[in-house]
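Try each task before reading its solution.

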Amino acid sequence: MINIALPKGRLGDSVYKSLEAIGYECPEMNEDNRKLIFENEEKGVKYILVKPSDVAVYVEHGAADIGIVGYDVIKENEPDVFELLDLDIGKCSMAVAAPKGFEDTGRGPLRVATKYPHIAKEYYMSINRQIEIITLHGSIELAPIVGLSDVIVDIVETGATLRENGLEVCSYIVKSSARVIANKSSYHFKRDSIEKILSGLGEKAL
Ligand code: PRP
């Protein structure tokens, strides 16, 4: 049995469709329900639906053998897992953004609101700029508008959230896309089954 952690939401739905197409279906997944665990014993697969930022936690601790997670989450949390495949979907960028026309005067620490404190600290350290981190868990774009921060470090996908809130990108930090990760000992003991899934997903990703 392979346990797969899928992120709840659009990315997880799309990866499940690919898994279904390569023979790892679990019809109950397509029903309108609030279940979090789905199993198809005959196909030897169990899906668990988790919050996207928690996927790597389940995989690192072995509660899931493999999982689908954004590179942004991997870079932020640096989980002790194997990163096996770039699915080339769920593409977005990590960027610094601020209200239109904002200029950093360089005086005093820059106030940075983010869900990604580790990435933000590493970025500003690399450009030698002193910052104060304000950690939030969502709606990051609000922070500079209401004066909680000067800038944000966040994910930009279509750019709509920034645009609709009068913000713009100041600089790009790193690109992200969905990756397949594996628990290290699962990869050792269930390598053949995992490789089979990877090659199916890899072909889909091309
Ligand atoms: C993410 C991210 C941005 C938005 C970017 O938020 O934090 O707010 O998507 O997407 P866009 O460039 O296509 O507008 P999410 O939807 O995960 O919600 P959150 O605010 O709760 O983090």
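**Exercise 1. Find the salt-bridge partner of Glu83 and say which elements the pair links.**

Solution. Start with the rule: a salt bridge is a side-chain nitrogen of Lys or Arg within 4 Å of a carboxyl oxygen of Asp or Glu. In this predicted model, local features need pLDDT of at least 70 and side-chain atom pairs count only at pLDDT 80 or more, while totals for chains, interfaces and linings use all residues. Residues are numbered from 1 along each chain as its sequence is written, and side-chain values use heavy atoms, with hydrogens and water left out.

Step 1: Glu83 pairs with Arg179, and their closest N and O atoms are 2.7 Å apart.
Step 2: the pair joins distant parts of the chain, with Glu83 in strand 5 (residues 82-86) and Arg179 in strand 11 (residues 178-182), 96 residues apart. Helices (H or I, at least four residues) and strands (E, at least two) are DSSP runs, numbered from the N terminus.
Step 3: look at the cover. Buried means under 20% relative accessible area, exposed over 50%, and partly exposed in between (1.4 Å probe, protein chains only). Arg179 is buried because its relative accessible area is 13%, whereas Glu83, at 40%, is partly exposed.

**Exercise 2. Which residues have a positive phi, and are they buried or exposed?**

Solution. Step 1: recall the background, namely that most residues other than glycine have a negative phi.
Step 1: Asn128 has a phi near 60° and lies in the loop between helix 4 and strand 8 (131-135). Its relative accessible area is 74%, so Asn128 is exposed.
Step 2: Ser139 has a phi near 45° and belongs to the loop between strand 8 and helix 5 (142-145). Ser139 is exposed too, at 55% relative accessibility.

**Exercise 3. Identify the residues that touch the most other members of the largest nonpolar core, and the element that gives the most to this core.**

Solution. Step 1: a nonpolar core is a set of buried Ala, Val, Leu, Ile, Met, Phe, Trp, Tyr and Cys residues joined through side-chain atoms within 4.5 Å.
Step 1: the largest such core has 23 residues, and Ile4, Leu6, Leu19, Tyr47, Ile66 and Ile197 touch the most other members.
Step 2: two or more residues come from each of strand 1 (2-7), helix 1, strand 3 (45-50), strand 4 (66-70), strand 11 and helix 8 (191-205). Helix 8 gives the most, with four residues.
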